[in-house]
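Student: I have just opened this entry and would like to understand the terms used for it. Could we go through a few of them together?

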Amino acid sequence: MSTRFAAALRAVALLAAVLAGPALAHEGHDHGAAQPPVSKTIAPRGEALSDAFELVAIPRDGTLTLFLDRFRTNEPVPGATIEVETPDGPKVATATTGGGYALPAPWLSKPGRHDLVATVTAGDAVDVLTLAVTVPDPKVAAAAAPAKPAPAQAALARVSEVALDVRERLTAKDPALVAAVAVAFLLGVLVTALARGRRGAPAVALVAIGITLVLGTAAFAHGDEDHGAPVQGAALIEPRQTTPASSDLAQRLPDGSVFVPKPTQRLLVLRTTMTEQGSFHRSVELPGRIIPDPNASGVVQSSVGGRLSPPPSGLFPRLGTKVRKGDVLATVTPPVQAVDVSDMRQRQGELDQQIAIVERRVERFRKLATSGAVAQTQLDDAVAELNGLHDRRAALDKIRQQPETLVAPVDGVVAQATAVAGQMAAPGAMVFQIVDPNRLWVEALSFDALTAAQNATARLADGRTLKLAYQGTGLADRNQAIPVQFAVQGDASGLRVGQFVTVLAGTDTEQSGLALPRAAVVRTGNGQDVVYEHTTAERFEARPVRVEPLDGGRVLVAEGIGPGKRVVTQGAELLDQVR
Amino acid sequence: MMLPRLTLAGALLAATAAYAHETAGHHGGRVADAGKFHVELVAKGETVDVFVSDEGQKPVPAAGFKGTAILVVGGKPTRVPLEPADGNRLTGKAAAALGDSPKGAVQLTGPDGATASGKFN
């Protein structure tokens with residue numbers, strides 16, 4: 001190794017040792033470093049964070065106003081007890097109408113740094129928070145402001161302004177001026193050379209062009225030199241007096257972050273969530289509608305055409321009536337045609353006639369049978385014939401008056417009822433539909449074949465979601481799609497058969513990233529998607545992100561922000577409008 | 001040839017170590033920043049001891065200081081007033097026994113009336 005390298009090493013070592021010296025004395029962190037002032041128009045404030053709460057303290061006009069929010073969600077915490085250590089002992093802040101807490105604090109009017117300790121009790125959560133508020137010295141601020149310039153000084157300022165203007169014009173890059181000077185110089189040199197003799201002309205011309213180029217460049221480079229110089233005139237102009245406003249305004253700070261004071265955050269209802277890394281199944285949206293569970297619903301149809309009449313109770317079950325399996329819902333009396341009626345009358349007459357004849361015969365045989373003039377078998381035959389005739393006559397009577405009963409095939413609720421007393425029901429017509437309201441299915445149309453056992457949800461028009469269990473997929477094509485059936489799990493109240501729903505079914509493709517509500521992502525003016533990160537209590541910073549669709553309510557942030565960050569999920573659109 | 005290299009490595013290590021925050025104090029307690037001071041909190045039984053030192057870990061005499069420790073014990077905040085004792089120690093007694101390393105904060109009021117507070121998690 002060369003001695004030169006060794007020397008270099010020694011030099012670096014020395015430098016490191018020298019650097020380590022002050023570092024040891026300082027412990028590597030600064031003490032009492034006040035927060036950088038957000039803006040001149042914003043009152044001084046202090047803030048403290050813990051894993052449960054976020055506390056902002058604003059001293060103003062002898063009152064300390066405190067705003068307490070949940071750390072993760074940015075939700076205001078009402079009804080908390082905030083005890084602040086004051087020079088006069090601990091004091092409890094009282095809740096104000098604006099959702100904050102106020103405490104009279106005359107001791108805070110003294111300029112300088114004030115360290116506060118606040119004990120927060122909200123429900124069963126207790127936290128001790130320390131925060132520092134720096135009250136600016138009004139005297140120092142006044143001294144910093146320059147005195148009003150005298151008339152003579154004002155005149156001087158005017159002169160200096162004019163002089164500055166001229167100087168600026170001279171030093172400004174003016175290509176036309178530079179070019180004119182250069183061409184004149186070149187021409188002069190050429191003319192001189194030509195006047196002296198022809199032989200050296202090309203060489204002289206080359207030299208002249210070279211010199212001109214160099215000089216020209218130098219002239220261009222010169223342009224910026226005086227711009228950084230102090231401007232004497234401007235210091236004499238009286239600056240606009242900025243008095244602290246009585247209330248702070250939301251504003252976009254020079255570094256691009258958005259400052260939103262706590263009262264404004266309450267008005268805009270800003271809510272945040274903590275980002276979490278996870279892997280998600282991409283879902284597809286399918287149009288669907290509610291259908292009754294085929295195994296828990298039924299229809300009541302009449303097998304014969306006939307006149308409808310109420311059941312023995314006298315009333316048809318109306319819509320919504322609960323029925324049990326086997327209940328008689330209605331009766332159908334088949335009508336008898338005119339031809340049949342005459343036929344039956346004829347038959348009836350014949351039977352009556354035969355009955356009369358056979359009755360007399362039976363009577364006669366019974367008397368003779370005892371004397372033995374007629375065989376017993378003959379009497380038996382006659383009795384059997386009479387019984388047969390009576391049966392036929394009875395059946396003929398019955399057929400005219402026995403109606404068909406319609407019974408409920410399942411337990412459930414009457415979902416459809418078309419029965420009107422006296423109405424003629426066609427054979428096969430549906431009279432009642434019975435549905436079990438707790439057992440409903442969803443039928444959706446899918447353009448892709450969905451594989452089984454996937455988590456699916458249904459979203460209703462009012463935003464309610466239902467958990468679905470996959471039941472099966474049909475193979476028969478319907479409008480270029482296949483029907484997929486799901487069973488509604490859990491509470492199915494409030495649903496009606498035929499209602500349209502949007503089914504979100506998971507697919508096999510898995511994506512990893514951070515799932516955020518759709519409302520968290522804002523499209524900015526330049527077409528970029530951003531989310532707003534809640535960096536400190538009252539500051540929000542836009543983070544450009546790459547988003548991918550996830551499901552109806554959420555998007556997947558693939559890149560741009562990491563886990564464990566607080567991202568605005570509600571009111572991001574409003575935050576983006578702050579200028 | 002080895003000497004310069006060793007010097008370099010040593011110096012760099014020293015520089016790195018200095019930048020790490022020191023959490024263990026000289027008295028076996030936890031150290032936190034409080035304004036321009038370092039405070040070390042030692043809670044043993046019902047006694048709360050707070051040791052004050054400056055940025056360079058040099059003890060600062062406790063005379064003239066006043067303090068309050070607010071510690072969360074069993075889900076309830078306990079306020080312990082602190083009085084200066086010997087050396088750089090302020091001490092106070094709580095009503096109930098404090099558990100192991102209770103979370104809370106210590107507020108100090110210096111002889112000049114300036115307040116400083118440190119948080120212990």
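This is a predicted model: local features need pLDDT of at least 70, side-chain atom pairs count only at pLDDT 80 or more; totals for chains, interfaces and linings use all residues.

Student: Why is A:Asn479 called exposed?

Tutor: A residue counts as exposed if 12 or fewer other C-beta atoms lie within 10 Å of its own; A:Asn479 has 8 of them within that distance, and therefore it is exposed.

Student: What makes A:Gln480 exposed?

Tutor: The cut-off is again 12 or fewer, and A:Gln480 has 7 C-beta neighbours inside 10 Å, so it counts as exposed.

Student: Where do these residues sit, and what is phi in each of them?

Tutor: A:Asn479 lies in the loop between β24 (465–473) and β25 (482–489) of chain A, and A:Gln480 is also placed in the loop between β24 and β25. Phi is near 50° in A:Asn479 and about 65° in A:Gln480, positive values although neither residue is a glycine. Most residues other than glycine have a negative phi.

Student: How do you know that A:Leu66 touches A:Leu55?

Tutor: Contact requires C-beta atoms, placed from the backbone, within 7 Å, and A:Leu66 touches A:Leu55 as well as others, among them A:Ala57, A:Ile82 and A:Tyr101, not counting residues up to four places away in sequence. A:Leu55 and A:Leu66 are also, with B:Val39 and B:Val50, the residues with the most contacts inside the largest nonpolar core, which has 55 residues. Strand β9 (residues 125–135) of chain A gives the most to this core, with 6 residues.

Student: Which residues does the second, separate core include?

Tutor: That core has 23 residues, including A:Leu270, A:Ala520, A:Ala542 and A:Leu550.

Key. Residues are numbered from 1 along each chain as its sequence is written. Chains are lettered from A and ligands numbered from 1 in the order in which they are written. A nonpolar core is a set of buried Ala, Val, Leu, Ile, Met, Phe, Trp, Tyr and Cys residues joined through C-beta atoms within 7 Å. A residue is buried if 20 or more other C-beta atoms lie within 10 Å of its own, exposed if 12 or fewer, and partly exposed in between; C-beta atoms are placed from the backbone. Helices (H or I, at least four residues) and strands (E, at least two) are DSSP runs, numbered from the N terminus. Two residues are in contact if their C-beta atoms, placed from the backbone, lie within 7 Å.
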